[in-house]
Amino acid sequence: MNPATVEPDHTANVGVPFEQEIEGVLGELRPALAAILEGLRPPVMRASELQRLLGLDKKLSWSVYSAATTPDARALASLLPGRRAMERFFAASAQRGVPGAAIDRARAMYRRFEESVATHAGSRDAFETMVSEFGGAEREAGRGGGGGAADLKHKRAAFRATSLLWGRQARVVCGARIMHPSAGPGGAGLLDTVFIKGMAGVRRTRRSVPLHTTAYRARTVQPGGPAVVSPPEPLDPRETGPDAIGLLRDFCSRPLPEFRLRVSAQGYRCHELVSEHVGPSGEVTYFTGEAGRADTGVPGSVEGGGGWELSLAKSVDIPIEVFMADVLMHRSVWGKRPPEVRVYATPMDGSLEFRETDLLPLAERAEYLGEGADAARTPLLPRYAEMLRYATDRMGWNVEEFRVFRCRVDYPLLYSRIRVTLR
């Protein structure tokens, strides 16, 4: 058989609707590619790094890296290279020491993709057209992470300028909210939650610039919600004391980052990274994790179902290459509808409201990735899936029972606010 041609397997997935089959194939192929990138050493965080490490051409490196990191599995149909190019990628990855099991899995998933193309469309062009209709008119041109090419160009330019002027930057900033029905006393109709946040590759380019922890707000708006919310508990039992930041120590860079508590004259508390290093040699990666018991309402638990809303909001106060917000909802609580994403300018009057007058014309969105830790896998954060397993294990939950939703924003605007909302 010609290696560039796959004969259709008309016996496979008989009776499975086209959209359901393709979502399954593409949903498994993306984390399989991400697992290969995770296995590379040193880790690759950009397509250009993949190109240099594996000695591949620019187009192939960009295609594979984009396919492995897009939050929209449907985008894979247009991103994936042909078979010969993919085999060059697999061979080069094997030579760089990526485990054979990871390569075999990705190769098998790619073959399933080719079989689906041959069975349902006959050509890649026709297949891409069919898949592009899954999301309807709301799909935007450009990268899977949302926003068009023009938006991305301007945001990248802003990131480069502000990184130099502000003297600090981060490669990836992430936040993950994990929600499970509460099993504790008085937890009926409520959720236990885990909140993980952190930065990968945060560094300063001017010694005088402080590095503070990022600010997130997660809130519930629900009539009749919990009147008293228990204080959060650190996920890592080694993090104790009133001033502890709650590091997930096994997932931070080494030496372990050190923080000191800062309290302003107005009583605002924040943690500042203690470091004298400047530039790439001083890069730090850290994550924190905390758990809350019976602190969030279950959708529909209020009579009539009205008024329930859960938002994860990030105030962008440092130049960032990629912001990634994940929501993991237990499948008994939520379906597959992704959260709504909106980007707001920070109000000049200091208001904490999210007002239509502050809404920015940026087309960002969230996507449903699938169920379980593997669906959340990303080479942007090589041990991310392992960290999610650690968090759910600490809570006594099965991570494979959670539906994963992701909002990825490339080069978010400084002093904007990204709001991810389930309602």
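This report covers strands, aromatic pairs, charges over rings and cysteines in one structure.

The model is predicted: local features need pLDDT of at least 70, side-chain atom pairs count only at pLDDT 80 or more, and totals for chains, interfaces and linings use all residues. Residues are numbered from 1 along each chain as its sequence is written, and side-chain values use heavy atoms, with hydrogens and water left out.

**Strands.** Helices (H or I, at least four residues) and strands (E, at least two) are DSSP runs, numbered from the N terminus. Two strands pair if DSSP finds at least two bridges between them. Strands of a sheet pair through backbone hydrogen bonds, either parallel or antiparallel.

Seven strands make up an open sheet in the order E4-E7-E2-E1-E9-E12-E11, and its pairing is mixed. Val173 stands opposite Met199 in E2.

Strands E5 (residues 259-263) and E6 (residues 269-273) are also antiparallel, with five bridges joining them. Here Arg262 stands opposite Cys270 in E6. The hairpin of E5 and E6 has five residues between the strands, and Gly267 takes a positive phi near 90° there.

**Aromatic rings.** Rings of Phe, Tyr and Trp (its six-membered ring) pair if their centres lie within 6.5 Å; planes under 30 degrees apart count as stacked, over 60 as edge-to-face and the rest as tilted. The count comes to ten aromatic pairs. Two of them are listed here.

| Pair | Centre to centre | Angle between planes | Class |
|---|---|---|---|
| Phe159 and Tyr411 | 5.4 Å | 50° | tilted |
| Phe259 and Tyr286 | 5.0 Å | 70° | edge-to-face |

Phe159 in helix H8 (residues 149-166) and Tyr411 in the loop between E12 (402-410) and E13 (416-422) are 252 residues apart, so the pair links distant parts of the chain. Phe259 lies in E5 and Tyr286 in E7 (residues 284-297), so this pair ties together parts 27 residues apart in sequence. Phe159 and Tyr411 are buried (under 20% relative accessible area, with exposed over 50% and partly exposed in between; 1.4 Å probe, protein chains only). Phe259 and Tyr286 are buried too. Tyr110, Phe113 and Phe127 form one aromatic cluster.

**Charges over rings.** A charge sits over a ring if NZ of Lys or CZ of Arg is within 6 Å of the ring centre and within 35 degrees of the ring normal. The charged end of Arg177 sits over the ring of Phe195, 5.6 Å from its centre. That of Arg417 sits over the ring of Phe354, 4.2 Å from its centre.

**Cysteines.** The structure holds zero disulfides (pairs of cysteine sulfur atoms within 2.5 Å). Cys174 counts as buried at 1% relative accessibility, and Cys407 is buried with a relative accessible area of 1%.
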